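User: I'd like to go through this one with you, a few spots at a time. Here it is.
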Amino acid sequence: MSDEEDTAILLNNANKTIEMYVNKVPNEDYQCLPPTSLRKPIPKQNDNLTPLTSRNQNVFVSMVAVLAGIAFGCDMGVAKPIAPLIKHEFNLHCFERDFVISIWFIGALLGGLTGGFLIDSFGRRWIMILTMLFLTFGATLSALANHYILLLVARIICGYSGTVSAVAHCIYMAEVSDSNIRGYNVMLYQLGTAIGFLMSVIAAAVKSIDYQWRFSIGITAVPALAACIITIIFLQRSPPFLLYKRMANVSKTPSQNPWNTILKIMTIMVFLLILQQGTGKRQVLYYAPRLFALLGICSNVAEITALISLGVVKVFSTMLSLIVVERCGRRTALITSATICMTTISLLSLLATIDRGDDTTDVLIPRCKNYHNEEIKLQTAMPAGSPPPFPLLPTPLAITAPSPETWTQVKSSCETQNIVVSEGLTGGLRILAVITLLVYEAAYALGLGPVPLLNLTEVFPAAIRGRCISFISIVIIVTHIIATESVIAMIKSLTLAGSYLFYSFMCLVTVCYVFLLIPETKGKSLQQVAQELRKLSLGTRVCNNLRSLPLICHIKWIKKYDGNVSTGQSTLI
């Protein structure tokens, strides 16, 4: 049996319904497999491999997706808002405070290194259960920690289990869902993540709770434990993974260059995610506290107001993306999102020029005071803003509070609180700037933030899907750190307005890249996606996409690919 047939069988079984199996001979799907080569007996009619496509099971799959996403979002987004409270309770230096935030990503990197092998070896469901249990334990230990070292250990556990859980859950949702709701179920995890970020910010903002930071960091255990219980009781193992394990000893005829196709797919997706990091999200959101402060909000609450406002916009935009990815398609969501981001960043560049001109460097350099009141600049390895987004999930809001000594003044309405002023931006322009910022956040959450993870779960073979996505998660975390650390350097060299124009250009590059190379998988089974990626060469795929442009479709060197275009559904990639 060739690798192509193996992959086709694996993917085909993930998309069949129970009703189809009821009307079929139980052993029909296994006629091509030698019975003596199977590790386990061929399943009987009451032991079919696709029990998860019934309506009742779909409800539980959706519930687990949302709850697991909330747990991940809460755990990842809570560290930055509560860092000052942890610093005060444990009498930490600024470096120690920031290390509480950064160490989560050390665990995440370890999860990316080993999680894929665990998912592909032991199965999606068991890893989902174990990671949710470890995340519950890590969150509880973080809330009860009475020593700095114990807190660091707990955060490593949370980072590791959260990363592996995110990969396992998204793969599971894609494999057990029908083609017409696969995007919906995977995007529900993204929605849960956005809700989790918002919950963590609100919980950290409440000032009347005793042991506030312990409550905020421990709340992750509730949705994690609920998702674990539902998975144990109601969900069963992934059908493609079960069939893959039963075919492990079947002799196969090696196909020509099977790894070349996988390597090409991985390269295409890695560059997409690098472009995602280059669209300027951290740079744009660094400007958010000042824009909200210009509306008259006291500077001491401008940051938390911006976080909550943008978090609410993110949640509603992710809800809209649930509809867009299934009605309009993945490519449409990505192209629309990148186009709106390009427009809004260009407008913000103009507004930044009017607001502060070239005097923008100092306001973006965060400062921290040690417990002995010595002010130092942050020089940590990780960014001082909110934690970077886990790969392809909705990005946390990387906002840094401005320095009050640099560009604020006291206003009588705030009494002793500082308020930001600007000679360039008038009342109407200030409102326009905030609206532009909110539109950018909505556009990013519509496509560029969540859709790439959905693409990842659909384009890789089932046998190595966990390892491929885990490897890409490492690449994304590293590139995000590089992009965040380069923010200040770009401002110094290009000014704030100039750096916005650069990111606007990157959004244009992203639009072109998605149009030419990213597959449209809406309404297609995983088997169809695998066949299209395997059979069409990269040049043919690019030309097929170019043929949809009226001004280019008549070019001769594009016409020669007409014979390679399928007569059925578009095979855009």
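Analyst: One definition before we start: helices here are DSSP runs of H or I with at least four residues, numbered from the N terminus. By that count, Thr495 is placed in helix α21. Bear in mind that this is a predicted model.

User: What is phi at Thr495?
Analyst: Near 70 degrees, which is a positive value in a residue other than glycine.

User: Where does Asn91 lie?
Analyst: In the loop between α4 (79-90) and α5 (94-122).

User: Is Asn91 buried or exposed?
Analyst: Asn91 counts as exposed, because its relative accessibility is 53% and the cut-off for exposed is over 50%.

User: Back to α21. At what angle do the axes of α21 and α23 cross?
Analyst: Roughly 110 degrees, and the axes come within 7 Å. So α21 is roughly perpendicular to α23. Helix α21 covers residues 487-517 and α23 covers residues 538-546.

User: Which residues meet there?
Analyst: From α21, Phe515, Leu516 and Leu517; from α23, Leu538, Arg541, Val542, Asn545 and Leu546. The residues of this contact divide into six nonpolar, one polar and one charged.

User: Is Cys341 buried or exposed?
Analyst: Cys341 is buried, with a relative accessible area of 0%. Cys328, on the other hand, counts as partly exposed, at 43% relative accessibility.

User: Now helix α7. How many residues does α7 have?
Analyst: Helix α7 has 29 residues, 148-176. From first C-alpha to last, α7 reaches 42 Å, close to the 42 Å expected at 1.5 Å a residue.

User: How many of the residues of α7 are buried?
Analyst: 23 of the 29, so α7 is largely enclosed by the rest of the structure.

User: Last one, α19. How many of its residues are buried?
Analyst: Nine of nine, over residues 451-459, and α19 is described as mostly covered. The buried residues of α19 include Asn455, Thr457 and Glu458, along with Val451 and Pro452.

Note on methods: Residues numbered from 1 in each chain as written. Predicted model: local features only at pLDDT ≥ 70, side-chain atom pairs only at ≥ 80, totals over all residues. Heavy atoms only, no water. Axes fitted to C-alpha atoms, helices over the stretch in contact; angles between N-to-C directions. Helix = DSSP H or I, 4+ residues; strand = E, 2+ residues; numbered from the N terminus. Parallel < 35°, antiparallel > 145°, perpendicular 65-115°, else oblique. Contact = heavy atoms within 4.5 Å. Nonpolar A, V, L, I, M, F, W, Y, C, P; charged D, E, K, R; others polar. Buried < 20%, exposed > 50% of the residue type's maximum accessible area, 1.4 Å probe, protein only. Expected span 1.5 Å × (residues − 1).
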